[in-house]
Amino acid sequence: MTGRARTVGQIFAIGAVALLLGLLVWKLAFGSGGGAANELAKGKHPAAPAFELSRLDVSGGKMSLADLRGKPVIVNFWASWCIPCKDEAPALQKTYEKYRAQGLTVLGVDAQDFRQDARRFTKRFGVTYPVVYDGSGSTLGKWGVTGFPETFFVDRSGRLVGERIQGGIDTERNKAAYARGIQAALGQAQ
Amino acid sequence: MIRLFAAGVAALALAGSTLVAPATAASPPRQADLEAEIVCPTCHTTLDMSTSPIAARMKTFIRVRIAAGDSAEEIKAKLVDQFGPAVLAEPPKRGFDLLAWLLPLAALVVGIVVVGALAWIWSRRRETGADPDDPGLDPDLERRVDEELARYED
């Protein structure tokens, strides 16, 4: 091989290795890797991942998490085809009605679902809190959602507090964590 | 070499024109075909491989839309509207997504060209014997090596 061909070959090889290393570093630095839920599980209080999605309950409207800054928020990821989501829906609505006067709001994120099915669901269960639609599931990775339902608590400063609740909020396994999460979001943690 | 490169370019152009060719006259879509072309958003396999609740719901949606007279493209467009483009097992053969089809072909052509070029250079080197860029040993060094070898032989 000529000296020039050898040099070009070496440049290609070094470039390919540099590209792969760059991708690895990027993945480690910016990859979702469990999302905000992972940070929360480590005892940290990361900022709640931002999103702006179309509202399911208001035609043509959009809503972002930033719109609720200054308020404690329960963010509930659900889908109409998920059985535990049906079971917990009345309890979420009750929470919203009970703590609304204290500024707390519930924000439903309907993901990987048909809009029409989700609208039927909210009508059937008398949901009056805001619900946004994320058909493609674009928010799930950032939040670290791995199934439905999952519930997070956001305090007035926009940080995640309490624990991530996997499964229905009103199950025996999750009831205590749910109550603690509400208190943490309200800033009344024990 | 040039012939090889031209063949690669022609193959790429042919593949591209095939990919963007319009669909033939519409016949009623088949449920099984669509289930193989749509991905379940929760399990990331095609619908025909999935038994998840949302896959079952999507299969029902497809059945209803076929019965309503929608074409395959219309059904896919409705599903993309709900679940985003990732719901398609194959990226669309148009716009930016066309790159997903063309880049592997382009990489294949580049690979063939590179391997061909290297093979050509190596075969030429073997024919000519010495590397023209190799200056060989310095005469002084060559003389010293000869002297050292002669000493060992003695």
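In chain B, A89(B) touches E37(B), I38(B), V39(B) and T46(B), leaving aside residues up to four places away in sequence; two residues are in contact if their C-beta atoms, placed from the backbone, lie within 7 Å. This is a predicted model, in which local features need pLDDT of at least 70 and side-chain atom pairs count only at pLDDT 80 or more, while totals for chains, interfaces and linings use all residues. Residues are numbered from 1 along each chain as its sequence is written, and chains are lettered from A and ligands numbered from 1 in the order in which they are written.

**Residue A89(B)**
- A89(B) sits in the loop between helix 4 (72–83) and helix 5 (98–128) of chain B. Helices (H or I, at least four residues) and strands (E, at least two) are DSSP runs, numbered from the N terminus.
- Is A89(B) buried, partly exposed or exposed? A89(B) counts as partly exposed because it has 13 C-beta neighbours inside 10 Å. A residue is buried with 20 or more other C-beta atoms within 10 Å of its own, exposed with 12 or fewer, and partly exposed in between, with C-beta atoms placed from the backbone.
- The C-alpha atoms of A89(B) and A32(B) are separated by 14 Å, and the two residues are 57 residues apart along the chain.

**Chain B overall**
- Chain B has six helices and zero strands.
- Of the 154 residues in chain B, 12% are buried.

**Contact between the chains**
- Chain A gives twelve residues to the contact and chain B gives 15 residues.
- The side of chain A that touches chain B has five nonpolar, six polar and one charged residues. Ala, Val, Leu, Ile, Met, Phe, Trp, Tyr, Cys and Pro count as nonpolar, Asp, Glu, Lys and Arg as charged, and the others, Gly among them, as polar.

**The sheet of chain A**
- Seven strands of chain A form an open sheet with mixed pairing, in the order 2-1-5-4-3-6-7. Two strands pair if DSSP finds at least two bridges between them.
- Strand 2 (62–64) and strand 7 (160–166) of chain A stand at the edges with a single partner strand each, so one side of each is left without a neighbour in the sheet.
- Strand 3 (residues 73–78) and strand 4 (residues 105–111) of chain A run parallel and are joined by six bridges.
- I74(A) stands opposite V106(A) in strand 4 of chain A.
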